[in-house]
Amino acid sequence: IRKAADLVLSIFPFEKDFLAGHRIKASYVGHPLAQAFPLPADKASSRAELALTAGQPVLALLPGSRSSEIQYLSRPFLLTALECSRQLPGLKVLVPLVNDKTRRLFQAQLAQYAPGLEVTLLDANARLALTAADAALLASGTATFEGLLCECPMVVGYKLHWLSSRLIMALKLIKIEHVALANLLSDEVLAPEFVQQACEPGQLTPALMKLFQQPQLVEPIREHYRQVHQSLVMDTNKLAASAVLSLCRT
C-alpha cells in the first residue's frame, strides 16, 4: 500500500493509527454506511413492512454472501434456528440472500438439514431483516457492521475449510483478538464469536436463546451499538473530497 498510494482514505477509526504505524499516510473520513442507516433504528416500521407483530420473536439468519460461506455455515446455522424455533413458539426466521445462486444453495441446505423449519427468504435486504429482528445469527464480515448499525444483538459464527484453517493458524495470519467488526468497533465484546469447531448448534443455540430469554440484556446492547453508530457519522463525502484536494495541492 505504501508503494502504491499517496493517501489512504480510511473508513474505520482504528485504521488510521494502524496505517501510520506502517508509514502510510491516511485520513479518516468515516464510513458511508453510517450516514445511510437511520438513527435510531426504526424497528417498528421494519416489522410493519414485513407484516410482523410487535411481540413476535424474530431471528435474522445471515449465512454469508459467498458460496463457500453458504456451504460451511448453512448447516450449523439452520440446525441452530431449528432448535430455537422449538424453544420459541411462533419464531419468525428471516434470511436475506444476495442473489439467485446463494438462494438456490441455501434452499438445498434447508431441504437437507432443516426441512421442517419455516423461513422467509428476502432478496438482498439485510438491513430490513436486521432492523426487524430481536437477534441475529450471522457470518463474520460486513454483516456484523450492518447489525451494529441496525442495533441488532447478534451471535457471530464462521467456518473455513479445515485445511485453510490449519494454514491460517500455522502461519499465524490472524493477529486480531476478534473477527467481528461489531466487536472491533466497540470497547467491549457484545457479540459472542464462534469460529471453526465452536461454530456448532450446541454452542450457538444457548448464546442466541440468552438474547431472547433475557430481555434485560438486549437494550444495553442496542444502546451501545447506537452510540458507536453515532460516533461514526461524519460528512464522509466532504471529508474525502477535502483530503484528496489537499493531496493534489501538495
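Visitor: Which element gives the most residues to the lining of the second largest pocket?

Guide: Rolling a probe the size of a water molecule over the atoms shows where empty space is left. In this predicted model, the element that contributes most to the lining of the second largest pocket is α7, which supplies 3 residues. The elements giving two or more residues to that lining are β4 (92-97), α6 (126-132) and α7.

Visitor: What volume does the second largest pocket have, and which residues lie nearest its centre?

Guide: Its volume is about 270 Å³, and of the 17 residues that line the pocket, L62, V98, A126, A143 and E146 lie nearest the centre.

Visitor: At what angle do α7 and α11 pack?

Guide: Two packed helices are described by the angle between their axes and the distance between the axes. Helix α7, spanning residues 142-149, packs against helix α11, spanning residues 215-232, at an angle of about 100°, and their axes are 8 Å apart. Because angles of 65 to 115 degrees count as roughly perpendicular, α7 and α11 are described as roughly perpendicular to each other. In this contact, F145, G147, L148 and L149 of α7 meet Y225, V228, H229 and L232 of α11, and these residues comprise 6 nonpolar, 2 polar and no charged.

Visitor: Is S10 buried or exposed?

Guide: S10, which is found in strand β1 (residues 8-10), has a relative accessibility of 1% and therefore counts as buried, the cut-off being under 20%. Apart from neighbours within four places in sequence, S10 is in contact with E15, K16, S27, Y28, V29 and G30.

Technical notes. Residues numbered from 1 in each chain as written. Predicted model: local features only at pLDDT ≥ 70, side-chain atom pairs only at ≥ 80, totals over all residues. Heavy atoms only, no water. Axes fitted to C-alpha atoms, helices over the stretch in contact; angles between N-to-C directions. Helix = DSSP H or I, 4+ residues; strand = E, 2+ residues; numbered from the N terminus. Parallel < 35°, antiparallel > 145°, perpendicular 65-115°, else oblique. Contact = heavy atoms within 4.5 Å. Nonpolar A, V, L, I, M, F, W, Y, C, P; charged D, E, K, R; others polar. 1 Å grid on protein atoms, 1.4 Å probe; cavity = no way out; pocket = protein on both sides within 12 Å on 5 of 7 lines; lining within 4 Å. Points joined across faces, edges and corners; volume = space filled by probe spheres on them. Buried < 20%, exposed > 50% of the residue type's maximum accessible area, 1.4 Å probe, protein only.
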